[in-house]
Amino acid sequence: MKIINFGSLNIDNVHQVDNFVEPGQTVFAKNFQIFPGGKGLNQSIAAAQAGAEVLHAGCIGNDGQFLLDLLRQAGADTSRIQKIDQPNGHAVIEINHAGQNRIIVYGGTNQMLTEEYIDSVLDLSKPEDIVLLQNETNLIDYIIRKAHEWGLKTAFNPSPMPKNLQSLPLEYIDYFMVNEIEAAQLAGVPESSDFDFTLQKLAQLYPHAAIIMTLGSHGVLFFQGGRKLQHPIFKVSVQDTTAAGDTFSGYFLAALCRGAGPSIALKEASAASAIAVSRMGAASSIPAYAEVTEFLSQN
């Protein structure tokens, strides 16, 4: 069983400034750094680090080779990633003196998937494989329908939340990987709703799906077919939460691929996420599986 991740591959251009740029103003940045980004990249690295067989599908541009190298180093199969003679998907990020940010995202090659390319990737699938999706690439609806036609299971992390949510064939999703805000939006209830109420609404809308809801300091919930599981967070010194959700998603699905049940998957994914937030960075903070087992032996 493998994970086929149609995932974003992004370049984050981070500028540190004293204050945000005002209209018509030019300012000097105090610092500039380039980081690998994209939820797809992070989730593939997490799943591969957890020991899963991962086939990453997506597109990179002229400036995206280092993203490909990172995936390979983590153990993901990059043989189907397309190189396109266009700028890579990227973000221009301002971070001010208070730590607040402003972000401009250019989809670039992340928005250049074609139906023919998607079909060619799915030709490599087997019935037990899991297709993993986020909402940072194009043709999400097509991928969901095709994965269903092929008899594959689909895991969807709807982030950022789609504007065309109701037009997607969500009845074909097997695993919803959501935080509490995304879960409420998906269920059509107020974001302040009780977690259990949100779960009940989601279960009514998608009775065949498993709902995996991360709740920040409240841990994580799993619900499917009337079965509810909950796992608390591991207490660590938090340094950077950027890759927490992506690490959780990758590790959770990797555990399922290994044949583990949802209870073990929740525990391992929670531990991996805890390690990730105790470090700075996104992709660079994702732990190897040996680190997770060592962490669990001590906690």
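The structure holds zero disulfides, a disulfide being a pair of cysteine sulfur atoms within 2.5 Å. In general, such a link is a covalent bond between the sulfur atoms of two cysteines. This is a predicted model, in which local features need pLDDT of at least 70, side-chain atom pairs count only at pLDDT 80 or more, and totals for chains, interfaces and linings use all residues. Residues are numbered from 1 along each chain as its sequence is written, and side-chain values use heavy atoms, without hydrogens and water.

| Residue | Relative accessible area |
|---|---|
| Cys59 | 1%, buried |
| Cys257 | 16%, buried |

A nonpolar core is a set of buried Ala, Val, Leu, Ile, Met, Phe, Trp, Tyr and Cys residues joined through side-chain atoms within 4.5 Å. The largest one has 49 residues, and Tyr175, Ile212, Phe252, Leu253 and Leu266 have the most contacts inside it. Helix H7 (residues 244-257) gives the largest share of this core, eight residues. Helices (H or I, at least four residues) and strands (E, at least two) are DSSP runs, numbered from the N terminus. A second, separate core has 40 residues, including Val121 and Ile211.

Contact means heavy atoms within 4.5 Å. Leaving aside residues up to four places away in sequence, Ile212 touches Tyr175, Val220, Phe248 and Leu266, among others.

Helix H4 (residues 140-149) has buried residues Ile140, Tyr142, Ile143, Ile144 and Ala147. The buried residues of H4 pack against strand S1 (2-6), helix H3 (115-122), strand S9 (130-133) and strand S10 (153-156). After H4 comes Gly151, with a positive phi near 75 degrees.

Terms used. Buried < 20%, exposed > 50% of the residue type's maximum accessible area, 1.4 Å probe, protein only.
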